[in-house]
Amino acid sequence: MNAPQPAIENKLGLWPEKVEAVVFDMDGLLLDTEQIYKRVMQQLCKEWGHELTHEMFAAFVGIPQTENVPIYQQFFGKDFDVQTYENLMVERAHEEMSKGIPVKNGAKELVAGLSARGVPIAVATSTGASAHKHLEEAGLHSYFDTIVTRMDVTKGKPHPEPFLTATSRLGFAPENCIAFEDSHNGVRSASAAGLATVMVPDILDPTDEIAAMCVAILPSLLHFKAEIDHFFGPMN
């Protein structure tokens, strides 16, 4: 399948001359888990007498769970029991995921294709320790050279630390790496770290601000898979 050329060639001059490694976000990019979180959060809010709209849910996308408190209180008041709600939400979401972790279109093909070519790849996610379990259950964990979770950094996205940590572990300069992200804060994080940033929208569409930080905006990871040979050469 050939990728539409205008999509991949968007700002082609801003791509690194030599791409040495690739860093992926996880939720909403590799794993189709944002829809699970959204469904669980909306149902739990309803049980608690609140409505969580799509626009409200979007405010949580790409934000580490540890930094959600002010957002909940903004929507539902200072007395909203964030800790109890979050505990219940995580419990229900993990119960849903125990039935199977849905993988985004093209994710396994792209990750496997890069790995087969010997391209160093990493994950930089706002999810905590459970990220390892989710990637294992999705059949993706073994492909990655390193996985940076929220537990591995002092500052989460949109701070650049997650992507700087990932590229440091891989042993490459950020400016010679590509980042794949689906969220606004993820794009901000990767771009600030100096990686050539590709957005594959999930819950959030790119704004003008976010689009300006990206070297390409693609409909799915499949659209980059078709271009692997261009950046990394054919498989041996």
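Of the 236 residues of the chain, 53% count as buried, meaning under 20% relative accessible area with a 1.4 Å probe and protein chains only. Please keep in mind that this is a predicted model, in which local features need pLDDT of at least 70, side-chain atom pairs count only at pLDDT 80 or more, and totals for chains, interfaces and linings use all residues. Residues are numbered from 1 along each chain as its sequence is written, and side-chain values use heavy atoms, with hydrogens and water left out.

The chain's secondary structure comes to 12 helices and six strands (DSSP runs numbered from the N terminus: H or I of at least four residues for helices, E of at least two for strands). Along its principal axes, the C-alpha trace spans about 55 × 35 × 35 Å. Among contacts (heavy atoms within 4.5 Å) with a separation of 6 or more, 65% join residues 24 or more positions apart.

Now turn to helix α8, residues 161-170, which is mostly covered, with seven of its 10 residues buried. These are E161, P162, F163, T165, A166, T167 and L170. They pack against strands β1 (21-24), β2 (121-124), β3 (146-148) and β4 (177-181), and against helix α9 (184-193).

How values were computed. Buried means under 20% relative accessible area, exposed over 50%, partly exposed in between (1.4 Å probe, protein chains only).
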